Amino acid sequence: MKNNEQKVMLTGVRPSGNLTLGNYLGAIKNFVMRQNQYKSYIFVADLHAITSPRDPAELKTAINDCMAMYLACGVDPEQTIMFRQSDVLEHGIMGFIMTFQTHMGELSRMTQFKLKSQNVGKNGIDTGLFVYPPLMSADILLYNTDVVPVGLDQQQHVELTRDLAGRFNKRYGDTFNEPDVYIAPVGNKILNLQNPTEKMNKSDGPNPGTIFLMDDLKLVRKKIMSAVTDNESVIRFDESAKPGISNLISILAATTGESIEAIEKRFAGHGYGDFKREVADAVCGLIGNIQTKYQRFKNPDVLDAILTRGAERARIVAAETLNRARVALGLK
Ligand code: TYM
């Protein structure tokens, strides 16, 4: 049994475009708030970014930007092991091993796969889109992870990880820790401001419904002020009848920590203009702060030093776990 200090928390973000408010509120914030309570790992999931073809120069920039953004969002490199996934080669082999524990049916049922495979290119569906969940399982299992803070869209993948770990342990003997997912009660699925039935996605590119953490603050305000709402003029949380207003309430609640009920009460009798102005103030305050810190951390030498040290530390644990899995499988 692990005691509390030995418990492990891990999360990662794919460097596929600039990070969004959804990435922050759904995952990074929840990681940062708890990083002192666990042995913590955060990584740039760069292997997950090549599941579809990418421009190499643009990817390289996105990896560094993602690291600088982690730091700007409050990840503490003294406390947390920060690394780039592809620097730790064990992810590749372990990804292979986990893929071979997985059934086609399980992967076909993944909601993210079903959603993303609807936009098929002329060459059909990329295999990467299909097989990336077991790579994600490898990312998690290599570090004996206990808790994985993610947004709602990734919950199913962490649950699959738990199933795969259990399946492997049953077949080959106790090898992996079975992780739990942590989904924040508020802010776990931030929606597109212009289309509040769809998730806010970083891969959407410049978009009036997506708030990027690097957006100019004037633009952030404009996006919030022109968010789609409804004709009722009542600030009430009701995701099916009022998706736009409910999304803005979630954003305000997750940004400030105020409860949804308190927000509803405070804005009783107010119009949407007043409400949106307050959401814009809160989000601009948050993002302004992150942007100031981001400029400080965007130093390639500083980032390289953190990544090198992080990969060295991550590799030790990852190699131990991979070794255990190889012995269990009879490969060693
Ligand atoms: P990615 O890069 O799509 O998203 C990074 C994190 O942000 C969360 N998120 C959101 N949360 C709330 N509202 C939104 N609109 C929103 N959009 C994104 C995601 O749920 C995620 O937590 N496969 C993963 C990266 C990954 C990973 C891992 C995560 C690879 N290996 C191991 C945890 C553990 C992904 O593509 O996330």
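**View 1. The largest nonpolar core has 58 residues.** Within this core, Tyr 70, Ile 211, Ile 224, Phe 275 and Val 283 touch the most other members. A nonpolar core here is a set of buried Ala, Val, Leu, Ile, Met, Phe, Trp, Tyr and Cys residues joined through side-chain atoms within 4.5 Å, and buried means under 20% relative accessible area (1.4 Å probe, protein chains only). Helix H11 (residues 272–297) gives the most, with 11 residues; helices are DSSP runs (H or I, at least four residues), numbered from the N terminus. The model is predicted: local features need pLDDT of at least 70, side-chain atom pairs count only at pLDDT 80 or more, and totals for chains, interfaces and linings use all residues. Residues are numbered from 1 along each chain as its sequence is written, and side-chain values use heavy atoms, leaving out hydrogens and water.

**View 2. Meet the neighbours of Ile 224.** Not counting residues up to four places away in sequence, Ile 224 touches Leu 193, Ile 211, Leu 248, Lys 276, Val 279, Ala 280 and Val 283. Contact means heavy atoms within 4.5 Å.

**View 3. Helix H8 (residues 217–225) packs with H11.** Their axes, lines fitted to C-alpha atoms over the stretch in contact, are 9 Å apart at an angle of about 150°, on a scale from 0 to 180 degrees between N-to-C directions. That makes H8 roughly antiparallel to H11 (over 145 degrees). Ile 224 is among the H8 residues making the contact, and Val 283 among those of H11.

**View 4. Helix H2 (residues 56–72) crosses helix H12 (residues 300–329) at roughly 85°.** The two are therefore roughly perpendicular (65 to 115 degrees). Asn 64, Met 67, Ala 68 and Leu 71 of H2 meet Leu 303, Ile 306 and Leu 307 of H12.

Conventions. Buried means under 20% relative accessible area, exposed over 50%, partly exposed in between (1.4 Å probe, protein chains only). Angles under 35 degrees count as roughly parallel, over 145 as roughly antiparallel, 65 to 115 as roughly perpendicular and the rest as oblique.
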